[in-house]
Amino acid sequence: EDQVTQSPEALRLQEGESSSLNCSYTVSGLRGLFWYRQDPGKGPEFLFTLYSAGEEKEKERLKATLTKKESFLHITAPKPEDSATYLCAVRYAGNNRKLIWGLGTSLAVNP
Amino acid sequence: NAGVTQTPKFQVLKTGQSMTLQCAQDMNHEYMSWYRQDPGMGLRLIHYSVGAGITDQGEVPNGYNVSRSTTEDFPLRLLSAAPSQTSVYFCASSSGTLTSYEQYFGPGTRLTVT
């Protein structure tokens with residue numbers, strides 16, 4: 001079955017404490033993996049797209065990486081403003097007009 | 001450039017009532033979609049459109065109708081509201097090309113059906 005699983009469900013960090021979020025997927029023919037950030041009461045905001053294993057993208061304190069089975073979102077020296085839910089979604093060959101979404105990781109960064 | 005806008009932001013309906021959630025985008029995107037987001041279930045696709053005059057069903061289309069008469073607008077109609085439709089609804093748009101599929105989301109509509 002095509003699915004996307006994110007872990008952990010929730011993560012609490014101290015400011016400056018680096019960590020990683022995981023998104024594992026089981027789909028046939030990956031056509032793109034997307035990371036989004038969602039703040040409470042708002043719509044998801046696009047962060048990164050990754051297309052092939054070995055690819056990396058960076059933005060400020062965030063770096064996304066991709067392997068053949070999973071993606072990691074590395075957060076380096078996080079700040080309280082990085083607190084949000086991080087969502088992962090996958091586009092696949094079976095239906096390239098739809099995405100499969102994970103349930104997200106809720107990140108809290110304490111000052 | 002307002003991006004994706006949605007109205008209303010909050011709505012309370014009684015069972016059996018109908019209403020339309022409005023969505024508009026000013027980025028000239030061909031692809032637009034409606035999602036609902038529920039705790040523990042993530043984002044689920046209701047309907048989507050790949051251009052004016054073209055719509056298709058997503059994962060959970062029952063009880064909802066859409067139409068796309070212009071590139072800019074993509075309203076979602078609830079035909080006869082049910083408590084199971086209590087949710088947060090998001091509209092999204094994308095240029096929808098093979099190499100550019102990131103979606104831009106609106107702020108959401110929080111709907112309660114009593």
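Is C23(A) buried or exposed? The structure is a predicted model. In it, C23(A) counts as buried because its relative accessibility is 0%, and buried means under 20%.

**Disulfides**

Over all chains, the structure holds two disulfides. They are set out in the table.

| Pair | S to S distance | Torsion about S-S |
|---|---|---|
| C23(A) and C88(A) | 1.9 Å | about -60° |
| C23(B) and C91(B) | 1.8 Å | -70° |

The disulfide of C23(A) and C88(A) is left-handed, as its torsion of about -60° shows. C23(A) belongs to strand 3 of chain A and C88(A) to strand 9 of chain A, so this pair ties together parts that are 65 residues apart in sequence. The link of C23(B) and C91(B) is also left-handed. Here C23(B) sits in strand 3 (residues 19-25) of chain B and C91(B) in strand 9 of chain B, so parts 68 residues apart in sequence are tied together. C23(B) is buried, with a relative accessible area of 2%, and C91(B) is buried with a value of 0%.

**Nonpolar cores**

The largest nonpolar core comprises 26 residues, and those with the most contacts inside it are Y25(A), L33(A), W35(A), L73(A) and Y86(A). Several strands of chain A each supply at least two residues of this core, among them strand 2 (10-14), strand 3 (19-26), strand 4 (30-38) and strand 11 (105-110). Strand 9 of chain A gives the most, with five residues.

A second, separate core has 18 residues, including V66(B), F74(B), C91(B) and L111(B).

**The largest pocket**

How much space lies in the largest pocket? The volume is about 940 Å³. Its lining has 42 residues, of which Q37(B), D38(B), M41(B), G42(B) and L43(B) are the closest to the pocket centre. Both chains provide elements that give two or more residues to the lining: strand 1 (3-7), strand 9 and strand 10 (95-101) of chain A, and strand 4 (31-38), strand 5 (42-51), strand 9 (87-94) and strand 11 (109-113) of chain B. By residue class, the lining divides into 17 nonpolar, 15 polar and ten charged residues.

Definitions and conventions: Residues are numbered from 1 along each chain as its sequence is written. Chains are lettered from A and ligands numbered from 1 in the order in which they are written. This is a predicted model: local features need pLDDT of at least 70, side-chain atom pairs count only at pLDDT 80 or more; totals for chains, interfaces and linings use all residues. Side-chain values use heavy atoms; hydrogens and water are left out. A nonpolar core is a set of buried Ala, Val, Leu, Ile, Met, Phe, Trp, Tyr and Cys residues joined through side-chain atoms within 4.5 Å. Buried means under 20% relative accessible area, exposed over 50%, partly exposed in between (1.4 Å probe, protein chains only). Helices (H or I, at least four residues) and strands (E, at least two) are DSSP runs, numbered from the N terminus. On a 1 Å grid over the protein atoms alone, a cavity is a set of points where a 1.4 Å probe fits but cannot get out, and a pocket is an open set with protein on both sides within 12 Å along at least five of seven lines; lining residues have an atom within 4 Å of a point. Grid points are joined across faces, edges and corners, and a volume is the space filled by probe spheres set on the points. Ala, Val, Leu, Ile, Met, Phe, Trp, Tyr, Cys and Pro count as nonpolar, Asp, Glu, Lys and Arg as charged, and the others, Gly among them, as polar. A disulfide is a pair of cysteine sulfur atoms within 2.5 Å.
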